[in-house]
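Colleague: I would like to learn how to read a few features of this structure with you, beginning at the surface and ending in a sheet.

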Amino acid sequence: MEKKVELLAPAGDLEKLKMAVLYGADAVYLAGKQFGLRTASGNFCIEDMKKGVSYAHEHGKRAYLAMNIIAHNDSIGQAASFLEEAVETGIDGVIVSDPGIFQTIREIRPDIPIHISTQASTANYRTVEFWHRLGAKRIIMARELSLEEIREIRKKVPGAELEIFVHGAMCISYSGRCLLSNYMAGRDANQGDCAHPCRWRYYLMEEKRPGQYYPIEEDASGTFVFNSKDLCLLPHLPELIQSGVNSLKIEGRVKSSYYVATVVKAYREAIDACYEGHKWDAGPWMEEVGKVSNRDFTTGFLFGKPGPGSHNYETSSYIRRYDFIGLVTGYDETRRRLIIEQRNHFKAGETVEILPPKGPFRELTLQELYDEEGNRIESAPHPQMKVFLGGILPFPVNSILRRRSAKTDG
Ligand code: SF4
């Protein structure tokens, strides 16, 4: 059977890792408390890393550890001791961008596969060759490559595993080559602490007129000079698979488990459909990925340099069409009630969708709600409260309840 391309999902913490695995990822990437470029996500202590890696392996999946900061001198020794501990958890590879960290890993654990992070901005076949000859197993390509360039690299360096980003937020600089956050907020994007000033609203001020802000209007909504839409290459999966890349990566370790589950499931089904040879129609899966918060979608650099259409000129807020309101945690067989853990306020009479890890979602109206004591209730106002939903057939544990929303968040 033809070897399928890997679907690689973000795992910001243990819950997100489990959701990624259950909703169809072939592999996950995660980070420890240091060295992983996403300080805003929960990340993994060694104990949780052990649990997460075991969970992935029990389900036949792989787990990679991100150690892709730009390292200064004082990080090297710490990175070495951290790595010694982390490899004992059973991780299947380490993602690095810094040649010093690369060399350190090769010296102390030459058996661990190394993936070169997109932060290393690998954008041509000679650089792929370079890393491959040094012993890197996989190279995660710069996001700034076109399909033509990816095809050419594949042809010229057939032995290296190639990974590309297919979904998630975009930088306006080459990934990792941005000091905007350091400058504006004192937060280092290359140490995982970006404050995203590229999304902020900008004005023009003449130096002798402090406080007088001249709007530099792109249009009546304001000016978002660096505000890229999110990458979404789902409609082009057939071409990407044919290009011969080995892994398709979803960005978003700081995003919610709802985001991870929904996006992973959409890509899982779409990838499987590509291999089953059905007539290609990305429509239903595009609808699904549109149900998690996003900044509208662009194909980024896939078909050449992005034009004005890749930029969001209207708002830097997320579009949020659905709310994650609950997670199925079990089924009470005796009373025939679905057990839900509340994640957002909901009430009887509302129409919701239940999304299971496999198979289509179902729309239904919430009718009978009960609390833990069996009392009928009208709503579920408290975070994490246990709610029993009557008059409904079982759904698998970890199915998601979502509700249409008109709100946006930023
Ligand atoms: S400020 Fe924007 S462009 Fe710069 S690193 Fe952060 S997200 Fe990327």
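Colleague: Which residues make the nonpolar surface patch, and what is its area?

Modeller: Bear in mind that this is a predicted model. The patch is made by Tyr183, Met184 and Trp200, and its area is about 360 Å².

Colleague: In what order do the strands of the open sheet run, and which strands stand at the edges?

Modeller: The eight strands follow the order 16-15-21-12-13-20-17-18, with antiparallel pairing. Strand 16 (362–365) and strand 18 (376–377) stand at the edges, and because each has a single partner strand, one side of each is left without a neighbour in the sheet. Strand 18 pairs with strand 17 (residues 368–370) over two bridges, in the antiparallel sense, and there tyrosine 370 stands opposite arginine 376.

Colleague: Why is strand 12 described as largely enclosed, and how many bridges join it to strand 13?

Modeller: Of the 11 residues of strand 12 (residues 322–332), 10 are buried, so the rest of the structure largely encloses this strand. Six bridges join strand 12 to strand 13 (residues 337–342), with glycine 326 opposite glutamine 342. The two strands form a hairpin with four residues between them, and arginine 336 in the turn has a positive phi of about 55°.

Technical notes
Residues are numbered from 1 along each chain as its sequence is written. This is a predicted model: local features need pLDDT of at least 70, side-chain atom pairs count only at pLDDT 80 or more; totals for chains, interfaces and linings use all residues. Side-chain values use heavy atoms; hydrogens and water are left out. Patches are made of residues with over 30% relative accessible area and no salt bridge: like charges are joined within 9 Å, nonpolar side chains (Val, Leu, Ile, Met, Phe, Trp, Tyr) within 5 Å. Accessible areas come from the Shrake-Rupley method with a 1.4 Å probe; for residues, only the protein chains shown count as cover. A salt bridge is a side-chain nitrogen of Lys or Arg within 4 Å of a carboxyl oxygen of Asp or Glu. Two strands pair if DSSP finds at least two bridges between them. Buried means under 20% relative accessible area, exposed over 50%, partly exposed in between (1.4 Å probe, protein chains only).
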